[in-house]
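Open the model in your viewer and keep the sequence panel beside it. This tour goes from one selection to the next and says what is found at each stop.

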Amino acid sequence: MESKFLFAKSLIKEAGLFIKEAMHQDFDIEEKADETDLVTSLDKQCQELMIKAILRAYPDDHFLAEEDDVTHPISDGNVWVLDPIDGTVNFIAQQDHFAIMIAYYEKGIGQFGLILDVMKDVLYSGGGQFDVYANDVKLETYHHRSFKRSLVGVNAQMYLENTNGLREFTKTALGVRVYGGAGISMAQVMSGKLLAYFSHIAPWDYAAASIMGEKLGYCLLTVTGQKADFKNRQKVMFVPKEELSAIQKLVH
């Protein structure tokens, strides 16, 4: 597993360099579900780069990825979950605050996850048998702190609609933050800069963080408390296990 983990870290850095070099050139932008659900030609090229590299090294492995309907159950064999650009709207509008994400599963068991904050050049990696690091800094497991001294990351639409009482929960915190990208937001949780994160996202958005978070004392559940299905977009929460019961009294 060590060699596969090192391979994944090398690959995600290669993908990050590809994005940095290509982002200042012309690229195509398409709408998917609506005018805010965008994909670029660089998303697709970056995903293709990663899949080809993995297949050269591990030809029998499978993929669940965001673009081009690449699907495979994470419970079936060795499966890489890929998000070539998480936060595509941020990438297009700001050229910042976006990430590349890789998660690796064997028979449904998460072995490691990686989130690369591309523009800040910070790689969050680990989970499973590996400690979790942000570059060379080992991340600490969660320790209880007051909600009133903590910030919460939220999906803007869920906050506005008070989904499952979410807005009422955030009133118990110091404030809310909306970053527009799941990877960046969940990295903030794992770094201790956010208490929790709530959003409506797909498996490739949460797979990497769910593996790393498990190592650090966090859990990824639907807002109603079930395990995510790794098939569809779902409303999920990434929260400290220690605070789960308190959060569930308000987010119901």
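The model is predicted. Begin with the cysteines: the structure holds zero disulfides. A disulfide is a covalent bond between the sulfur atoms of two cysteines.

Select C46. Is C46 buried or exposed? C46 is buried, because its relative accessibility is 0% and the cut-off for buried is under 20%. Now select C219. C219 also falls under that cut-off, so C219 counts as buried, at 12% relative accessibility.

Next come the charged side chains. Side chains of opposite charge can pair when their charged atoms come close. How many salt bridges does a search of the whole structure find? The search finds five. This tour visits some of them.

Select D131 and K138 and show their side chains. The two form a salt bridge, with 3.5 Å from N to O. D131 is partly exposed, because its relative accessibility of 36% lies between the 20% and 50% cut-offs. K138 counts as partly exposed too, at 48%.

Move on to E168 and K171. Their side chains are joined by a salt bridge, and the N to O distance is 3.3 Å. E168 has a relative accessible area of 36%, so E168 is partly exposed. K171 has 53%, which is over the 50% cut-off, so K171 is exposed.

Now select E214 and K241. These side chains meet in a salt bridge at 2.6 Å, N to O. Where in the chain do E214 and K241 lie? E214 is in helix α7 (residues 203–216), while K241 is in the loop between β14 (234–240) and α8 (244–248). The pair links distant parts of the chain, 27 residues apart. Relative accessibility is 47% for E214, so E214 counts as partly exposed. K241, at 37%, is likewise partly exposed.

For the last stop, select residues 182–190, which make up helix α6. How many of the nine residues of α6 are buried? The count is nine of nine, and the helix is mostly covered. Step through the helix one residue at a time: A182, G183, I184 and S185 are among the buried residues. Continue with M186, A187, Q188, V189 and M190, which are buried as well.

Then go just past the end of α6 and select G192. Here the backbone takes a positive phi of about 85°.

How values were computed
Residues numbered from 1 in each chain as written. Predicted model: local features only at pLDDT ≥ 70, side-chain atom pairs only at ≥ 80, totals over all residues. Heavy atoms only, no water. Disulfide = S-S within 2.5 Å. Buried < 20%, exposed > 50% of the residue type's maximum accessible area, 1.4 Å probe, protein only. Salt bridge = Lys/Arg side-chain N within 4 Å of Asp/Glu carboxyl O. Helix = DSSP H or I, 4+ residues; strand = E, 2+ residues; numbered from the N terminus.
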